[in-house]
Structures are given as structure tokens and as C-alpha cells.
Amino acid sequence: MREGLIPTVLGAVVSASAASLLRSKYKLAATGALGFGLAHIVLGTIDLIEHR
């Protein structure tokens with residue numbers, strides 16, 4: 001398995017679930033989780049590109 005793939009997939013799952021919660025009463029928590037997920041996507045993608 002390629003290095004960086006797990007954080008990228010994890011970030012996508014977290015971002016998708018946080019995006020679905022943005023319209024709920026937990027908007028602040030959803031925004032934080034969305035940022036957390038997007039950071040994982042970016043860092044995982046950097047790992048994927050570095051270790052080709």
C-alpha cells in the first residue's frame with residue numbers, strides 16, 4: 001500500500017461527514033472537523049507525490 005493513501009482516504013471520509021453536518025446545530029464542530037479532514041487530504045497527497 002502506498003504511503004499517504006490512508007491519511008488521504010481518512011481525510012475524504014471525515015470531510016464528507018463534516019460537510020453533511022454543516023447544516024445542523026453543530027456548525028462549529030462540523031467546521032473544525034472539515035478543516036481536520038482537508039488537512040489530512042493535503043498532507044496525504046503530499047506524501048503520495050513525494051514517494052512515487
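Which residues does A33 touch, leaving aside those up to four places away in sequence? In this predicted model, the answer is V14 and A18. A33 itself sits in helix α2 and, with a relative accessibility of 29%, it counts as partly exposed. Its C-alpha atom is 9.5 Å from that of G11, a residue 22 positions away along the chain.

Now to helix α1. This helix takes in residues 5–21, 17 residues in total, and its first and last C-alpha atoms are 25 Å apart, close to the 24 Å expected at 1.5 Å a residue. Four of its residues, T8, G11, S15 and A18, are buried. They end up on the same side of α1 because they cover an arc of only 100° around the axis. As a rule, an α-helix has 3.6 residues a turn, so residues three or four places apart point the same way. Over on the other side of α1, I6, V13 and S20 are exposed. As for what covers the buried residues of α1, the cover includes α2, which runs over residues 27–50.

S15 is worth a look of its own. This serine belongs to helix α1 and counts as buried because its relative accessibility is 8%, where the cut-off is under 20%. Not counting residues up to four places away in sequence, S15 touches L34, G37, L38 and I41. With L38 there is also a polar pairing to point out: a polar atom of the S15 side chain lies 3.4 Å from the backbone nitrogen of L38.

Notes: Residues are numbered from 1 along each chain as its sequence is written. This is a predicted model: local features need pLDDT of at least 70, side-chain atom pairs count only at pLDDT 80 or more; totals for chains, interfaces and linings use all residues. Side-chain values use heavy atoms; hydrogens and water are left out. Helices (H or I, at least four residues) and strands (E, at least two) are DSSP runs, numbered from the N terminus. The expected span of a helix is 1.5 Å times one less than its number of residues. Buried means under 20% relative accessible area, exposed over 50%, partly exposed in between (1.4 Å probe, protein chains only). The arc is that of the directions from the helix axis to the C-beta atoms. Contact means heavy atoms within 4.5 Å. A polar contact is a pair of N or O atoms within 3.5 Å; within protein, one must be able to donate a hydrogen and the other to accept it, and residues adjacent in sequence count only if both atoms are side-chain atoms.
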